[in-house]
Amino acid sequence: MARQALPLLENLNRSIIPCLKSATASISQTRQAQAYILKSGVCNDAFICTKLISQYANHHCFAEADLILNSMSEPSVPSFAALIYALNKSNLFIQSLNVFTRMLSRGFLPDSHMLPNIVKACGQLSAFRWGKEVHGLVCKFGFDSDSAVQASLVHFYLKSDGIGVARNVFVRLPEWDVVTCGALLSAYARKGCVSEAMGIFKAMKSFGLRPNLVTWNGMITGFNQSRQCNEAVVLFKEMHSEGFQPDEITISSVLSAVGDLEMLNVGNQVLCYVIKLGLLHYKVVISALINMFGKCACAGELLRVSEEIDEEVIDVGARNAFITGLSRTGLVDVALETFEQFRVQGRELNVVSWTSMIAGCSQNGKDIEALELFREMQSAGVKPNSVTIPCLLPACGNIAALVHGKAAHGFALRAGIDNDVHVGSALVDMYAKCGRIHLSRLCFDRIPNKNSVCWNAIMGGYAMHGQAKEAIDIFHLMQRRGQKPDFISFSCVLSACSQGGLVEEGRHFFNSMSTEHGLEAKMEHYSCMVNLLGRSGKLEEAYAIIMQMPFEPDACVWGALLSCCRIHNNVSLGEIAARNLFQLEPSNPGNFILLSNIYASKAMWSEVDALRDVMRSRGMKKNPGCSWIEIKNQVHMLLAGDKSHPQMTEIIEKLYKLGMEMKKAGYLPNTDLVLQNVDEQDKEHILCGHSEKLAVAFGLLNTPPGSPLQIIKNLRICADCHAAMKFISDFEGREIYVRDINRYHHFKDGVCSCGDFW
């Protein structure tokens, strides 16, 4: 028998072992080898079985490999390690950990080669509890001095966002390596921890470790992501000075940082360097370059780059950056035209492309175009996401397109993104701007994890509707819920106090900014205080606050004082405010009009004529009153004094009939508000042509009886129109929502929500 077995063993060593060791052995050869091993009677040999497991695993035949492992009477650690390594290599991390568990249950201890694979599997699965238990095994069995094992733990804790623990493991490493240092540096950079990152970076160099390109890229990209843009640019310069040549990843990251810093000169220098290195053919570089010029508001360079670059290297990312850049520089019409060209040419566009164009329109006064784009987007089969909806909803709110806003809300509900904090905040703002503050509050209450944007949105909504008490209650509630008020929070609550005439409360909140919250008042807070005091008739005190400001007041502050002087017809302070505004905004006709109205209210016609002469000499024209109303999913615009509307005859007739009913009820037109030197009949005619009255009449003619009317006006509603709206709401049995430049007015049953204080 021994003589018969000897030739078999010799034959096994001569033909089968080389096959098992070969990296090119096929699966059929492996199966033939296994059959020969079974026939030879050496199937319990640990070395041979381990080789067999490795071959099956390398061919992804994990079931066969596992079967062999289970059939071994005396497996070894390398037997388990062979299968674990192959499973990890195929990203089958759960199965890898299962094999590891079985190994431990059979009393085997891992070695220093296996442990990094197990730690990696825990990290890839985000199995942080498992990873910590493995860390315990590492310490228990004396592997805490092994550099490879410890390095794998550093990477694991970085993946689990445990940067503090990762740092503790890192400092105990017996020997630092460039890869582990680079991973920790990148993590600190992504978190914006400048001093920690730079400390390790310097220590790394002092230990003689030379950073490689991956190290530099990790830090520059990380600082860019954490908005530490200046650090990213400084590191790029240091990298260049030390002789390292950047790649396309480096360039795209530093261009993004340069754009955020609006450092056009540096951006042009990087562009020259890119051309010198021959990196301009990379799509990611083209996209970053276009994005940088867009952020720097350089329309000329943006257009030049798009013309000079070969279309073949411009991908969808570059197109998106180009559209966004054009919109950011105010060229939204060019952006729309370019976007349409991309569509006609069949260029690739994605949800980001559509969202960028919708955002550009929404942010640049093209609200109707934004709504139309959203409709076309869905027709094109592109599904909006949780970024698209917050970009669209401001357009709905800007023109009080409630039907469109509700449709967008419905889409968010169906898509399951209505609880997203950004979508929720945008819905709160949209409903408030559309006059439905109760729906705004319902949306606010449904947001599960509220941030400061959510709180500020509902506070701003209550302020817009003149509900000062509710805004103040929200301000206190947000603090009880652990959310600290920020600068915008105080702007909202001060605005609410101004709308409600709550002078003492406003003073308290203004003073508490510095005394209780450690916030120094900014320009907008002083503007709110001037408005609050001025509207309440305390014009001298408002002027005194301006004189005591720690910085030079801007046009908003002086504009608030001038508007209040117009309300109270204060000539002396109005002239002071106007003189400052004429210097700050020499081409703004609104300031001239306000001062002219103050003069006219005092019958100072020579001063009125002088101002009008100045306006004519400078080519300035008064901005006409304009109102918008949504009817049957379409937004209509009506201009004061405009007779071109197709239903203007019917509108004027409706207003005439209403005027007669108003006079019967004892209402007389307030012709004192017509600040022109004309007779009473002409004054009444002028009042009749105010845009909000035209919009209401148009709405009455084109909507069913009893349905609410939603109107937006670009100027402050005058007292005569305000009185007319109260009458019409009662006479016609309609709820009328009017949003003027300052606030919302909700007219119902002859009463306005503002309490006649606006």
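Are helix 12 and helix 14 roughly parallel or roughly antiparallel to each other?

Author: Helix 12 and helix 14 are roughly parallel to each other. Some ground rules come before the detail. The model is predicted, so local features need pLDDT of at least 70 and side-chain atom pairs count only at pLDDT 80 or more, while totals for chains, interfaces and linings use all residues. Residues are numbered from 1 along each chain as its sequence is written, and side-chain values use heavy atoms, with hydrogens and water left out.

Now the pair itself. Helix 12 covers residues 194-206 and helix 14 covers residues 229-241. Helices are DSSP runs (H or I, at least four residues), strands are runs of E (at least two), and both are numbered from the N terminus. The axes of helix 12 and helix 14 come within 13 Å. They cross at roughly 15 degrees. Axes are lines fitted to C-alpha atoms, for helices over the stretch in contact, and angles run from 0 to 180 degrees between N-to-C directions. Angles under 35 degrees count as roughly parallel, over 145 as roughly antiparallel, 65 to 115 as roughly perpendicular, and the rest as oblique. Helix 12 and helix 14 are therefore roughly parallel.

The crossing of helix 12 and helix 14 is right-handed. A right-handed crossing has the near helix turned clockwise from the far one by less than a right angle; anticlockwise makes it left-handed. On the helix 12 side, the contact is made by Val194, Met198, Phe201 and Lys205. Helix 14 supplies Glu231, Leu235 and Glu238. Contact here means heavy atoms within 4.5 Å. By class, the residues of this contact divide into 4 nonpolar, no polar and 3 charged. Ala, Val, Leu, Ile, Met, Phe, Trp, Tyr, Cys and Pro count as nonpolar, Asp, Glu, Lys and Arg as charged, and the others, Gly among them, as polar.

Arg227 sits in it, between helix 13 (213-225) and helix 14. Arg227 is not a glycine, yet its phi is positive, at about 65 degrees. Arg227 counts as exposed, at 57% relative accessibility. The cut-offs are under 20% relative accessible area for buried, over 50% for exposed, and partly exposed in between (1.4 Å probe, protein chains only). Ala603 also has a positive phi, near 60 degrees, in a residue other than glycine. Its loop runs between helix 35 (589-601) and helix 36 (605-617). Ala603 counts as partly exposed, at 48% relative accessibility.

Next, another helix pair. Helix 5 (residues 77-89) and helix 6 (residues 93-105) pack at about 165 degrees, with axes 8 Å apart. That makes helix 5 roughly antiparallel to helix 6. Helix 5 passes helix 6 in a left-handed crossing. Phe80, Leu83, Ile84, Leu87 and Asn88 of helix 5 meet Phe93, Gln95, Ser96, Val99, Phe100 and Met103 of helix 6. The contact of helix 5 with helix 6 has 8 nonpolar, 3 polar and no charged residues.

Gly397 lies in helix 23 (residues 388-398). Gly397 is buried, with a relative accessible area of 0%. The C-alpha atoms of Gly397 and Cys434 are separated by 5.7 Å, across 37 residues of chain. Not counting residues up to four places away in sequence, Gly397 touches Met430, Lys433, Cys434, Ile712 and Arg739.

Gln499 is in helix 29 (residues 487-500). Gln499 is buried too, with a relative accessible area of 7%. Gln499 and Cys754 are 255 residues apart in sequence but 8.2 Å apart in space, C-alpha to C-alpha. With residues up to four places away left out, Gln499 touches Ala463, Gly466, Arg535, Asn742, Arg743 and Phe757.

His722 is found in helix 40 (residues 719-731). His722 is buried, with a relative accessible area of 2%. Apart from its neighbours within four places in sequence, His722 is in contact with Ile717, His745, Phe747, Cys752, Cys754, Asp756 and Trp758.

Last, the whole protein. Its secondary structure comes to 40 helices and 6 strands. The C-alpha trace spans about 135 × 60 × 55 Å along its principal axes. Of the 758 residues, 49% count as buried. Of the contacts with a separation of 6 or more, 63% join residues 24 or more positions apart.
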